[in-house]
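This briefing covers selected side-chain interactions in one protein chain. Please look over the sequence and structure below before reading on.

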Amino acid sequence: MEFSVRIPFVDLLGFRLERMEGGEAQMAYDPAPEHLNSFDVVHGGVGMTLLDVVMAHAARSLQPDMGCVTIEMKTSFVRAAKGPLLARGLVLHRTATMAFTEGRVLDAGGQLCSHATGTFKFVPRLPTGPGRVNPLNRIPTD
């Protein structure tokens, strides 16, 4: 499944969107050596990015014509993340302008590696002016 907008950082990390519908999203990720920390496990920043992106896509699945931006996020690391990972996002509650979500990252054995909750604000996806490389990246956030 293709991402509906290009996010260069997500491209760099190699996240793969598998599902995005009905307030849920699922992504797969095979960590590259350059994404590991000094303990040879997935760097926490990569894990948090995976959670952020899967929760945002769960929110966007409810209204694909809108973008959404992260308002807040809390992450708990349960165990070291190794090998192929699966991320799942779920909308817990939605208002007219916000989505309250949770995300989980699981290892190949189905064990929980990390968990997050996040709040996302829906914003219009507007084209930018001439000379912009990414026509839908500029959005109002207030």
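A polar contact is a pair of N or O atoms within 3.5 Å; within protein, one must be able to donate a hydrogen and the other to accept it, and residues adjacent in sequence count only if both atoms are side-chain atoms. The model is predicted: local features need pLDDT of at least 70, side-chain atom pairs count only at pLDDT 80 or more, and totals for chains, interfaces and linings use all residues. Residues are numbered from 1 along each chain as its sequence is written, and side-chain values use heavy atoms, with hydrogens and water left out.

**Ser61**

- The side chain of Ser61 makes such a contact with the backbone nitrogen of Gly23, at 2.8 Å.
- Ser61 sits in the loop between α2 (44-60) and β3 (66-77); helices (H or I, at least four residues) and strands (E, at least two) are DSSP runs, numbered from the N terminus.
- Ser61 counts as buried because its relative accessibility is 13% (buried means under 20% relative accessible area, exposed over 50%, partly exposed in between, with a 1.4 Å probe and protein chains only).
- Leaving aside residues up to four places away in sequence, Ser61 touches Met20, Glu21, Gly22, Gly23 and Glu24, where contact means heavy atoms within 4.5 Å.

**Salt bridges**

- The structure holds 4 salt bridges, each a side-chain nitrogen of Lys or Arg within 4 Å of a carboxyl oxygen of Asp or Glu.
- One of them joins Asp30 and Arg16, with the closest N and O atoms 3.1 Å apart.
- This pair links distant parts of the chain, 14 residues apart: Asp30 is in the loop between β2 (24-29) and α2, and Arg16 is in strand β1 (residues 16-21).
- Asp30 is partly exposed at 42% relative accessibility, and Arg16 is partly exposed at 38%.
- Another joins Arg6 and Asp11, at 3.2 Å between the closest N and O atoms; Asp11 is partly exposed, at 42%.
- Glu102 and Arg104 also form a salt bridge, with their closest N and O atoms 4.0 Å apart.
- Glu102 is buried at 18% relative accessible area, whereas Arg104 is partly exposed at 37%.

**Aromatic rings**

- The whole structure has 1 aromatic pair (rings of Phe, Tyr and Trp, its six-membered ring, pair if their centres lie within 6.5 Å; planes under 30 degrees apart count as stacked, over 60 as edge-to-face and the rest as tilted).
- The ring planes of Phe15 and Tyr29 meet at 85°, so the pair is edge-to-face, with centres 5.1 Å apart.
- Phe15 and Tyr29 are both buried.
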